[in-house]
Amino acid sequence: MADKIDGGQTIDVLSADDELLQLEREKFQAGFRFVVGIDEVGRGPLAGPVVAAAVGFPPGAKIPRVNDSKQLTGERREALDAAIRAVPGVRIGIAEVSVEVIDRINILQATHQAMRKAAEAIPEADCLLVDGLPVKGLPAESFNVIKGDARSASIAAASIIAKVYRDRLMSELDKQYPGYGLSDNKGYGTAQHLQALKTLGASSIHRKSFAPVRDVITPPPEQLELF
């Protein structure tokens, strides 16, 4: 089954028995009422916030054929972002945690904070499917799913929503902090970005606790423990 969305792209819809919905089916059959997937983007970049998204579809929803955001082109991610948002009854939570917080509490803790905030934006969720390792302090019963963006439609949808949101944000930050190529590299440590750091120094949106950034600051800031 396929639908057209703005821009002319065709978006396939998952069948009710699709493998990508197996985890969601199991949780609904177990008695949960609203299942939400959570994923993050931006753990590795040298600049910009870390972003997490939570996405939940009501039972029986016609869900776009999503995929891990890293496996999609930018154009396809944009199309799927629009298709996900257009699903009747979909609930979406997005949270970002700033560079200042990342530098203060470390990237792992900042990522978990973003995931908790995204989940809290969907108070009706009673089941959370979390990509990767367990996250403490979530507002509902949670289940971690290794490689979840390839195993759960809800997590894959969250990965797309988070990626599109952060990519747009980095393109805006590129206008405010030109010279680092943020619109293209999204804050990751490409050769061009590393050279710009040496030439221009670190900006206020660079993660000063990350080694390539710390190394161009004099004196270097204190290094954080990961855990």
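The following legends describe close-up views of a predicted model.

In this predicted model, local features require pLDDT of at least 70 and side-chain atom pairs count only at pLDDT 80 or more, whereas totals for chains, interfaces and linings use all residues. Residues are numbered from 1 along each chain as its sequence is written, and side-chain values use heavy atoms, with hydrogens and water left out.

**View A. The buried side of helix H1.** Helix H1 spans residues 22–29, and its buried residues include Leu23, Glu24 and Lys27. Helices (H or I, at least four residues) and strands (E, at least two) are DSSP runs, numbered from the N terminus. Buried denotes under 20% relative accessible area, exposed over 50%, and partly exposed the range in between (1.4 Å probe, protein chains only). The three residues cover an arc of only 100 degrees around the axis, which puts them on the same side of H1; the arc is that of the directions from the helix axis to the C-beta atoms. Their cover includes strands S3 (35–41), S6 (127–131) and S7 (141–145), together with helix H5 (153–176). Contact means heavy atoms within 4.5 Å. Just after H1, Gly31 adopts a positive phi of about 110 degrees.

**View B. The salt bridge between Asp18 and Arg65.** The side chains of Asp18 and Arg65 form a salt bridge at 2.7 Å, N to O. Asp18 lies in the loop between strand S2 (10–12) and H1, and Arg65 in the loop between strand S4 (50–56) and helix H2 (74–85), so the pair ties together parts that are 47 residues apart in sequence. A salt bridge is defined as a side-chain nitrogen of Lys or Arg within 4 Å of a carboxyl oxygen of Asp or Glu, and the structure holds nine of them. Asp18 is buried, at 12% relative accessible area, while Arg65 is partly exposed, at 37%.

View C. Glu78 and Arg168 meet through their side chains in a salt bridge of 2.5 Å, N to O. This pair links distant parts of the chain, with Glu78 in helix H2 and Arg168 in helix H5, 90 residues apart. Both residues are partly exposed, Glu78 with a relative accessible area of 35% and Arg168 with 42%. A further salt bridge joins the side chains of Lys175 and Glu172 (3.1 Å, N to O). Both of these residues belong to H5, three residues apart, about one turn of the helix. Lys175 is exposed, at 62% relative accessible area, and Glu172 is partly exposed, at 41%. Salt bridges with shared partners join Glu78, Asp81, Arg85 and Arg168 into one network.

**View D. The packing of helices H2 and H5.** The H2 and H5 axes come within 9 Å and cross at roughly 120 degrees. Axes are lines fitted to C-alpha atoms, for helices over the stretch in contact, and angles run from 0 to 180 degrees between N-to-C directions. Residues of H2, among them Leu80 and Ile84, meet residues of H5 that include Ile160, Ile161 and Val164.

**View E. The two faces of helix H7.** In helix H7 (residues 191–200), His193, Ala196 and Leu197 are the buried residues. Seen down the axis, they fall within an arc of 105 degrees, so they line one face of the helix. The face of H7 turned away from this buried side carries the exposed residues Ala191, Lys198 and Thr199. The buried residues of H7 pack against helices H6 (182–185) and H8 (211–214). Just after H7, Gly201 has a positive phi of about 80 degrees.
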